[in-house]
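Here are some notes to read beside the model. They go point by point, and each point can be checked in the viewer.

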Amino acid sequence: NVRIGGSLNSRRPTICLELSPIEMLGVEGCGTGSGFLHHDPEPAITHFRANLKLTNWKAGRVWLQPRLSAGFAELQVGEDGGGFHFTGTGPTGVETAGPELGASLRALLPMSSGLELVGELGVGAAWFPHAPMLIRPQAAWQPSGSLTLGIGF
């Protein structure tokens, strides 16, 4: 599925792309598209995580799915460079990466031809031990929250 929405960690829209190789497990990336859609140096967090669907509940025509997630995130305070820097702040001191945990509630509304409308409300927290050493120092613990809507199959 592809979703677009808002995040507490950025003033720009968040874009998520999720692939589910099996029904209970999905992998996704969510971010603002920094480095290819824009070059805004504002602080932003990009998320790369695996999502585990805990169960399905049907409420009328809508399916509700609580999910847990684990992965890593990248915090940047300047123009995004290549790669992920888990052990420092990168060559320009503007980015660092660290582990992330989260939870979300996804709603699926089946449409025609196997397509579905997808909405997701998510919360999480990432730990960036090197964030205080960025050229624009940030807190090591970064909470996140997002609301996205999109389409999937």
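Predicted model: local features only at pLDDT ≥ 70, side-chain atom pairs only at ≥ 80, totals over all residues.

Which residues do ring pairs link into a cluster?

1. The aromatic cluster. Ring pairs join Phe48, Phe72, Phe84 and Phe86 into a cluster. Across the whole structure, a search finds 5 aromatic pairs. One of them is formed by Phe48 and Phe84, with an edge-to-face arrangement, 5.2 Å from centre to centre and 75° between the planes. Because Phe48 belongs to strand 4 (residues 44–53) and Phe84 to the loop between strand 6 (62–76) and strand 7, this pair ties together parts that are 36 residues apart in sequence. Phe48 is partly exposed at 29% relative accessibility, and Phe84 is also partly exposed, at 39%.

2. The disulfide. The structure holds 1 disulfide. It joins Cys16 to Cys30, with an S to S distance of 2.1 Å. The torsion about the S-S bond is about 120°, so the disulfide is right-handed. Cys16 sits in strand 2 (residues 14–22) and Cys30 in strand 3 (residues 25–31), so the pair ties together parts that are 14 residues apart in sequence. Both Cys16 and Cys30 are buried.

3. Pairing around strand 6. Strand 4 and strand 6 run antiparallel and are joined by 10 bridges; here Leu52 has Leu68 of strand 6 as its bridge partner. Strand 5 (residues 57–59) also pairs with strand 6 in the antiparallel sense, over 3 bridges, and Trp57 stands opposite Leu64 in strand 6. Strand 5 and strand 6 form a hairpin with 2 residues between the strands, where Gly60 has a positive phi near 70°. Strand 6 pairs with strand 7 as well, antiparallel and over 14 bridges. In that pairing, the bridge partner of Trp63 is Leu108 in strand 7.

4. Strands 7, 8 and 9. Strand 7 and strand 8 (residues 116–127) run antiparallel and are joined by 11 bridges. Val123 stands opposite Gly145 of strand 9.

5. Most residues other than glycine have a negative phi, and that is why the value is worth a look. Ser113 lies in the loop between strand 7 and strand 8, two strands that form a hairpin with 5 residues between them. At 74% relative accessibility, Ser113 counts as exposed.

6. Arg106. Is Arg106 buried or exposed? Arg106, a residue of strand 7, is buried, at 8% relative accessibility; the cut-off for buried is under 20%. The side chain of Arg106 makes a polar contact of 3.1 Å with the side chain of Glu18. Another polar contact, of 2.7 Å, joins the side chains of Arg106 and Gln65. Apart from residues up to four places away in sequence, Arg106 touches a list of residues that includes Asn1, Trp63, Arg67, Val118 and Glu120.

7. Pro99. Strand 7 (residues 95–110) also contains Pro99. Pro99 is partly exposed, with a relative accessible area of 46%. The C-alpha atoms of Pro99 and Gly71 are separated by 5.9 Å, while the two residues are 28 residues apart along the chain. Neighbours within four places in sequence aside, Pro99 is in contact with Gly71, Phe72, Ala125, Ala126 and Trp127. Phe72 is also a member of the aromatic cluster in the first point.

8. The nonpolar core. Which residues make up the largest nonpolar core? There are 9 residues in all: Ile45, Ala73, Leu75, Val77, Val94, Ala126, Phe128, Ala131 and Leu134. In soluble globular proteins, nonpolar side chains tend to be buried together. For Ala131, the contacts beyond four places in sequence are Leu75, Thr96, Pro137, Gln138, Ala139 and Ala140.

Conventions
Residues numbered from 1 in each chain as written. Heavy atoms only, no water. Helix = DSSP H or I, 4+ residues; strand = E, 2+ residues; numbered from the N terminus. Buried < 20%, exposed > 50% of the residue type's maximum accessible area, 1.4 Å probe, protein only. Contact = heavy atoms within 4.5 Å. Core = buried A, V, L, I, M, F, W, Y, C linked by side-chain atoms within 4.5 Å. Pairing = 2+ DSSP bridges. Phe/Tyr/Trp six-rings, centres within 6.5 Å; stacked < 30°, edge-to-face > 60°. Polar contact = N/O pair within 3.5 Å; in protein donor to acceptor, adjacent residues only side chain to side chain. Disulfide = S-S within 2.5 Å.
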